Structure formats: C-alpha cells, structure tokens
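Here's a quick briefing to read alongside the model. Have the viewer open and follow along.

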Amino acid sequence: MSGLGRALLALGLLVITNLGTFGYATWRCRQEMQGQQRLLAEAQQKQQAAEAETAALQQRLDRLKVWGEFIELQQDVNGVHAIINQLNFGNAIQAIDRIAQRLQLGQYGQVFQQHRPELLPLLDRAKQALRNTDAGARNALVELDQRAFAILAGVSAPGELPGALAPTAPLAPTPAPTPTPGIEATPLPAVSPVPTPKPAVI
C-alpha cells in the first residue's frame, strides 16, 4: 500500500473515530440532560406537594386556634350565667362589659372580632335585661353562644367540628310542684297482702 493510501486510511479511521466519539458524547449529554430534567420535575412535584401539605397544616392550625378562641369566649359567657344564677346582676353586667371589651380588642381572635356586628347587640340585649333585673338575659347569652358556634362552624372543614363544643342552654333549677288550691292530694289505698293458701290435708 502506498503512502497516500495509508494516509487516506488513517484519515478515514480518524474521521470515523471522531464521529463516533462525537455521537456518543452527544447521546450521553442528551441522556444526562433528560435525567436532570426528570429529577428537576420530580423535585418540583415534591416541593409543590410539601407546600400544599404545609398550607393544609397551616389552615388546620388556624382552625384549631379559632376553636380555642371559641372555647375561651364560651367559658366567659358561662361565667356570666353563673353570676346571674347568684342573682348578682351588677357583677353580671360588669362581666358582660369585659366580654364586649375583649371582643372589641380582638382578644377572642380576628374571626370573632370581624363578626362584632352580630355579637355585640346580643351582649347589649343581655345588659338591658339585667338592668331591669330580668334573669331572661340568659336567653340573649345563649343566643350569643349559638351565634358564635355558627361562626366557628363556618370556618371549620366538613366533618372536623367537634360536637363537644356545641353550646347548650344552661340548666335552670327545677321548681317544686305547687299544690292546686282547693284540691287535696288523695292518698292511694293501701294494698292488703294476699294470704298464702294452706296445703290441703288428705
């Protein structure tokens, strides 16, 4: 083989080798790029899932906070009921004023502070009743409790509102039965014991 032929053969082998190396490098870069894109997409999906979970946990935390604020409001209202049961209407009015002030200052949370136009009139109605020494102020307080519970239910997710938080009307003492004038209670006749039969003698 002449020198020219060997040179052409070497050049051809060099070109083929370079083309093969370039093709492999291109294929490898493409594979690495696709792998990086796939990893990036997976990382983005995981980040989005983590962000969604964090947002859901934050929402649940916010709802739990509102539940705690409702319980605090409910306890204060129950304290007013206890004072009314003692017929100390002056102290009951002062307790209602404290509840109204805390509501105005947002100490029961932003949710109940935003619903002041619905809650404050009920407190005012209870105060007016107490000024008239009317124990029926409890009705306005019970309505306040129920309205606050409805607000709580409005910010709670379906199925997660604890039933133990539902407000109940305070139990009033059961009055003693009053006898009807002119009617006397008739005692029931005494029941005589039934004699036991004696066995017959054969």
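Which residues of helix 4 are buried? They are L119, L120, L122, L123, A126, K127, A129 and L130, where buried means under 20% relative accessible area, exposed over 50% and partly exposed in between, with a 1.4 Å probe and protein chains only. This is a predicted model, where local features need pLDDT of at least 70, side-chain atom pairs count only at pLDDT 80 or more, and totals for chains, interfaces and linings use all residues. Residues are numbered from 1 along each chain as its sequence is written, and side-chain values use heavy atoms, with hydrogens and water left out.

**Helix 4**
- Helices are DSSP runs of H or I with at least four residues, numbered from the N terminus.
- After helix 4 comes T133, with a positive phi near 50 degrees.

**Salt bridges**
- Counting a side-chain nitrogen of Lys or Arg within 4 Å of a carboxyl oxygen of Asp or Glu, there are 6 salt bridges.
- E118 pairs with R147, with the closest N and O atoms 2.5 Å apart. E118 lies in helix 4 and R147 in helix 5 (residues 137-154), so the bridge ties together parts 29 residues apart in sequence.
- D76 and R102 meet at 3.0 Å, N to O. This pair links helix 1 to helix 2 (residues 89-105), 26 residues apart.
- E72 joins D76 and R102 in a salt-bridge network.
- E32 and R28 form a salt bridge at 3.5 Å, N to O; they are 4 residues apart in helix 1 (residues 3-85), so about one helical turn separates them.

Note on methods. Helix = DSSP H or I, 4+ residues; strand = E, 2+ residues; numbered from the N terminus.
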